[in-house]
Amino acid sequence: MSASHTAQSWIESANGHPDFPLQNLPFGVFSPPGDSARGGVAIGDYIFDLKTACEAGLFHGAAHQAALAASGDSLNAFFAAGATARRTLRDALIALLSEGCGEQKRMESLGARLLKPQAACRLHLPAKVGDYTDFYVGIHHAQNVGKLFRPDNPLLPNYKYVPIGYHGRASTIVPSGTEVRRPNGQTLPAGVDVPVFGPCARMDLELELGIWIGQGNEQGKAIPIAGAAGHIAGFCLLNDWSARDVQAWEYQPLGPFLSKSFATTISPWVVTAEALEPFRTAQPARPEGDPQPLPYLFDEADQQHGALDIELEVLLLTPRMRHEHQAAERIALSNTLNMYWTVAQMVAHHSVNGCRLQPGDLFGSGTLSGETPDSFASLLELTTGGKQPVVLSNGEERRFLEDGDEIILRARCRRDGYPSIGFGECRGRILPAH
Ligand code: CA
């Protein structure tokens, strides 16, 4: 069930809230001031405290079991409980938080024990990430980056057959707001023959959709594309920080390594498939002449309904802008419709060899650039490999990120006649190298 498009909450700040109306209800893990981490749900300007709600007996039966699983200091047990448990809890939350709920007075009497102001709370990673996989399904990004290296042949021949990906580093995934240290590494500056060691000089961001895995699969047993939805717990924003100069020197023949593993920032709220259901749409048609996916990667229903229409935004806040009290400036506006493969195709491909996915695994989509320069979702593309700087409205220029720069990712789903929902921020500021 989803909340009807006209349903309102008795929590007034939820009604018309740009990110967290009643129709969203994302899950997360947070610490109230001076208290321990626990699960919660974003509603308007508040976090609904699932631990307090369970203790107060607000849920019953299967919804109570699901709420208990979601009320601890990580959501892994809740993710493992699967889609049915998640939907049962969501339905109970919609009933509790809707206008006219019979329990409203009792919930109001719990006051700040139940509803914590978001601004006063600290958001954590929502789950312990076992494995992190970064895909490369943003076809315009793949083309743009390929063009920088191979102008005549930007896409390698496997791209339209294989959802390309590599195994990333789980231990350095951090929640929004965590500062990111500029890495040191080996690079090969132009015109020299031997590498030097020092701070990364070409620090970049990548705007990606994050996909949380829910129920896992047995090792050796592939997840069919039609069953993929049962293994997806939800979605977040993901910034795959990238040290381009390190990457350029190290990436052959096995792909990125230290250029990516120093930090990945995610937005802390898990936006569910149920909340995104109104923003599902058909997968954009493949350009004429592109091959048909192999049978294990093709499902008619997935093609009809498996894409997501989510507006994605990258903003930059420089130290000077911060000092002069200017707002962050948008440097790219893109959309999840720039994915060449659907999320279900990614899950099917990842598991087709028998690889075991586990609750709390995280996928990155790959950089989701659009076709036009105002939608390029990395500085590598926005500046054509550092050749043309981005010029900000205050006259500042950036080829790559400087110390003190802050990157903010945002996402919004819009549909006529339906409340828009958002993801909350994915924010990180660059600290100087050690
Ligand atoms: Ca990436």
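Visitor: How many bridges join E14 to strand E16?
Guide: Two, and the strands run antiparallel. Keep in mind that this is a predicted model.

Visitor: Which residue is the bridge partner of Leu238?
Guide: Ile266, in E16. Ile266 also turns up in a nonpolar core of 48 residues, along with Ala14, Ala127 and Leu362, among others.

Visitor: Back to the strands. What holds paired strands together, in general?
Guide: Strands of a sheet pair through backbone hydrogen bonds, in a parallel or an antiparallel way.

Visitor: And what is the strand order in the open sheet?
Guide: The order is E7-E6-E21-E13-E14-E16-E8, seven strands with mixed pairing. At the edges are strand E7 (165-167) and strand E8 (173-175); each has a single partner strand, so one side of each has no neighbour in the sheet. From one strand to the next, the twist averages 30°.

Visitor: Which helix packs on the sheet?
Guide: Helix H10, residues 343-351. H10 touches E6, E7, E13, E14 and E21, and its direction makes about 120° with that of E21.

Visitor: New topic. Which residues coordinate the calcium ion?
Guide: Asp134, Glu206, Glu208 and Asp240, at 2.2 to 2.3 Å. Along the chain these donors follow the spacing D-x71-E-x1-E-x31-D.

Visitor: Where do Glu206 and Asp240 lie?
Guide: Both are in loops: Glu206 between strand E12 (203-204) and strand E13 (207-213), Asp240 between strand E14 (232-239) and strand E15 (242-243). The pair therefore ties together parts that are 34 residues apart in sequence.

Visitor: Is Glu206 buried or exposed? And Asp240, buried or exposed?
Guide: Glu206 is buried, because its relative accessible area is 4% and the cut-off for buried is under 20%. Asp240 is buried too, at 0%.

Visitor: What about helix H2, which residues are buried there?
Guide: H2 covers residues 61-69, and Ala63, Ala66, Ala67 and Ala69 are buried. Looking down the axis of H2, the buried residues fall within an arc of 155°, so they line one face of the helix.

Visitor: What do they pack against?
Guide: Helix H1 (50-55) and helix H3 (76-97).

Visitor: Last one. Which residues touch the most other members of the largest nonpolar core?
Guide: Leu209, Phe235, Trp241, Leu276, Ile310 and Phe423, out of 69 residues in that core. The core of 48 residues that includes Ile266 is a second, separate one.

Terms used
Residues numbered from 1 in each chain as written. Predicted model: local features only at pLDDT ≥ 70, side-chain atom pairs only at ≥ 80, totals over all residues. Heavy atoms only, no water. Donors = N, O, S within 2.8 Å, 3.2 Å for Na, K, Ca; no water. Helix = DSSP H or I, 4+ residues; strand = E, 2+ residues; numbered from the N terminus. Buried < 20%, exposed > 50% of the residue type's maximum accessible area, 1.4 Å probe, protein only. Arc of directions from axis to C-beta. Contact = heavy atoms within 4.5 Å. Pairing = 2+ DSSP bridges. Axes fitted to C-alpha atoms, helices over the stretch in contact; angles between N-to-C directions. Core = buried A, V, L, I, M, F, W, Y, C linked by side-chain atoms within 4.5 Å.
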